[in-house]
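This briefing sets out selected features of one protein model, grouped by topic. Please read it beside the sequence and the structure shown here.

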Amino acid sequence: MKLKNILLSFLVQVTLSTTFSEPINKKFPKNFIWGTATASYQVEGGWQDDGKGESNWDHFTHTYPDHIANGDNGDIACDSYHKYLEDVELLKDLGANFYRFSLSWSRILPTGNADEVNQAGVDYYKNLISALKSNGIEPFVTLFHWDLPQALEDQGGWPNTDLLVEKFADYARLAFSLFGDDVKNWMTFNEAKQTCQLGYGYGVFAPGVNSDGIDSYKCAHTVLKSHARAYHIYDEEFRPTQNGRVSMVVDTDWFEPASDSDQDKEAAERKIQFNFGWYANAIYHPDGNYPQVMIDRIAERSQREGFEQSRLPAFTPEEVNYIKGTYDFFALNTYTTTMVQWSDDWEIGTPGYDADISVTTWQDSSWNSSASGWLKVVPWGTRKLLNWIDQTYNHPEIVITENGFSDHGELEDGGRVNYYLEYLSNILQAILDDGVNVTGYTAWSLMDNFEWLSGYTEKFGLHQVDFGNPDRPRTAKSSAEYYKKVISTRCLVDVCED
Ligand SMILES: *[C@@H]1O[C@H](CO)[C@@H](O)[C@H](O)[C@H]1NC(C)=O
Ligand SMILES: *[C@@H]1O[C@H](CO)[C@@H](O)[C@H](O)[C@H]1NC(C)=O
């Protein structure tokens with residue numbers, strides 16, 4: 001650590017309060033951009049319309065309905081496949097500058113292979129993009145938000161590194177060539193940690209593979225290589241004519257040390273490196289590669305477990321250089337905070353990601369709740385996280401690509417209004433008082449939608465969707481009114497200083 005950074009982090013520690021502070025009455029910068037987000041499987045429905053192929057989430061929800069609340073699935077979801085023009089109207093009414101949505105790979109390429117294009121799927125996204133553009137809304141497009149063509153899952157999915165890197169590269173190239181004249185902001189992957197650790201580690205998300213600390217690491221390795229391939233393809237074949245931006249969305253909580261002790265601080269730093277640095281370091285850190293603490297600890301534990309080599313795959317020096325710096329802005333999803341306490345190294349036994357980290361974590365019982373067990377309302381944590389990213393990754397431009405709150409879908413959603421008010425206030429303090437370069441914000445989500453294992457029981461929308469009605473009508477909640485006001489005034493409270 002450089003002396004400047006040591007001083008800075010000391011300053012941040014003492015000046016950032018961990019308690020509630022009044023929302024600030026200053027304005028967001030003039031060029032700050034505002035949007036909302038969704039994801040294909042969570043909103044589109046039309047799961048087998050017009051030639052769409054099966055995705056791993058179609059397969060998972062149909063095969064294991066008992067793994068999802070009320071046995072629900074995304075077969076119809078918000079029916080955005082048919083109602084996208086209404087979605088664009090909602091965005092227009094909010095005054096959103098951009099809409100972040102994802103492409104369903106298997107809607108465009110039913111078998112996952114780029115030589116078999118489903119024209120109806122291409123047309124759907126062309127129509128959506130053109131409706132956005134003609135209403136002055138920029139499309140922010142995610143290539144992969146968790147729904148993999150089942151045909152590729154059947155061949156091993158993300159842990160099959162050689163196959164998936166090639167398939168993703170072909171898919172990315174096709175997407176850039178089809179949509180890149182209109183799409184200037186691309187995100188390759190959304191929260192790949194959820195796919196890798198929940199899908200191939202704990203085995204609770206699609207495809208339900210239980211290979212914690214082995215396949216989950218292989219999956220991440222594939223994702224990082226695939227992202228870098230897509231970035232370089234864009235750089236070489238498309239950037240000269242399309243001149244857009246490409247990044248990868250990484251998600252994390254803020255991890256707050258349980259005390260001021262050096263051990264708890266070390267534990268919290270280790271936790272964020274395993275949780276966030278696992279994906280962010282190779283791309284966003286000036287040195288690239290996995291965080292050293294991951295490389296060292298996983299190698300050491302693997303050896304004691306009797307593995308011949310580390311369970312964490314290694315990048316060659318050429319690969320480190322190839323992946324390093326493959327971003328045009330820092331794309332961050334964040335929702336909450338977790339406390340971290342130092343613990344003795346967990347015993348050697350079954351290999352696993354949490355044992356590799358060996359820390360104790362919890363959320364404070366005094367923090368406000370949401371409808372999601374993992375999501376507590378901790379606005380100050382986001383300001384600390386933004387400062388940590390600013391210092392760790394050399395003052396990048398940051399776009400917050402997701403942030404939001406869940407309840408049970410009520411129209412008078414005061415909890416959500418309060419969440420946006422307080423989180424945005426802390427983000428604004430990070431910008432104005434701490435000099436962190438946050439240039440955009442994305443509310444998750446435009447509307448209530450299919451919340452993965454929780455089905456339709458946890459609602460994140462600015463708009464309510466009536467899932468009991470075949471027409472899936474959308475209704476603005478109080479939070480939509482609030483967000484609309486924030487976008488038009490750049491002010492979080494009734495009156496702001498000029
Ligand atoms: C917790 O919820 C209460 C009631 O909605 C609200 O007044 C308070 O500001 C919230 N606190 C935080 C930190 O969000
Ligand atoms: C933020 O990032 C943008 C894009 O790189 C840059 O133009 C701008 O100068 C940066 N602002 C600050 C305050 O660093």
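This is a predicted model: local features need pLDDT of at least 70, side-chain atom pairs count only at pLDDT 80 or more; totals for chains, interfaces and linings use all residues.

Which residues surround ligand 1? They are Asn368, Val377, Asn418 and Glu422.

**Ligand 1**

- Among the residues around ligand 1, Glu422 places a polar side-chain atom 2.7 Å from an oxygen atom of the ligand.
- The side chain of Asn418 has an N or O atom 3.2 Å from an oxygen atom of ligand 1.
- On its own, ligand 1 exposes 360 Å², of which the protein buries 49%.

**Ligand 2**

- Ligand 2 has His395, Glu397 and Asn437 around it.
- An N or O atom in the side chain of Asn437 lies 2.3 Å from an oxygen atom of ligand 2.
- For the side chain of His395, the distance from an N or O atom to an oxygen atom of ligand 2 is 2.8 Å.
- Taken alone, ligand 2 exposes 360 Å², and the protein buries 33% of that area.

**The barrel**

- Eight strands close into a barrel with parallel pairing, in the order β1-β2-β3-β4-β5-β7-β10-β11.
- Asn333 stands opposite Glu402 of β10.
- Helix α8 (residues 161–179) lies across β3 (138–144) and β4 (185–190), and runs at about 165 degrees to β3.

**The open sheet**

- Three strands form an open sheet in the order β6-β8-β9, and their pairing is mixed.
- The edge strands, β6 (254–257) and β9 (359–362), each pair on one side only.
- With direction ignored, neighbouring strands of this sheet are turned by 35 degrees against each other on average.
- Strands β6 and β8 (residues 337–342) run parallel and are joined by four bridges.
- Pro257 has Val340 in β8 as its bridge partner.
- Helix α11 (residues 262–284) packs on the sheet and touches β6, β8 and β9; the direction of α11 makes about 125 degrees with that of β8.
- Helix α15 (residues 379–392) also packs on the sheet, where α15 touches β6 and β8; its direction makes about 100 degrees with that of β6.

**Aromatic pairs**

- The structure holds 61 aromatic pairs.
- In one of them, the ring centres of Tyr335 and Phe460 are 6.1 Å apart and the planes stand at 80 degrees, so this pair is edge-to-face.
- Tyr335 lies in the loop between β7 (330–333) and β8, whereas Phe460 lies in the loop between β11 (438–444) and β12 (463–465); the pair therefore ties together parts that are 125 residues apart in sequence.

**Backbone details**

- Ala206 and Pro207 are joined by a cis peptide bond with omega of about 5 degrees. Pro207 belongs to the loop between α9 (192–200) and α10 (215–242).
- Another cis peptide bond joins Trp444 and Ser445, with omega of about 15 degrees. Ser445 is located in the loop between β11 and β12.
- Asn70 has a positive phi of about 60 degrees although it is not a glycine. Asn70 is placed in the loop between α3 (56–63) and α4 (80–94).

Key:
Residues are numbered from 1 along each chain as its sequence is written. Chains are lettered from A and ligands numbered from 1 in the order in which they are written. Side-chain values use heavy atoms; hydrogens and water are left out. A residue is near a molecule or strand if one of its heavy atoms lies within 4 Å of it. A polar contact is a pair of N or O atoms within 3.5 Å; within protein, one must be able to donate a hydrogen and the other to accept it, and residues adjacent in sequence count only if both atoms are side-chain atoms. Accessible areas come from the Shrake-Rupley method with a 1.4 Å probe; for residues, only the protein chains shown count as cover. Two strands pair if DSSP finds at least two bridges between them. Helices (H or I, at least four residues) and strands (E, at least two) are DSSP runs, numbered from the N terminus. Axes are lines fitted to C-alpha atoms, for helices over the stretch in contact, and angles run from 0 to 180 degrees between N-to-C directions. Contact means heavy atoms within 4.5 Å. Rings of Phe, Tyr and Trp (its six-membered ring) pair if their centres lie within 6.5 Å; planes under 30 degrees apart count as stacked, over 60 as edge-to-face and the rest as tilted.
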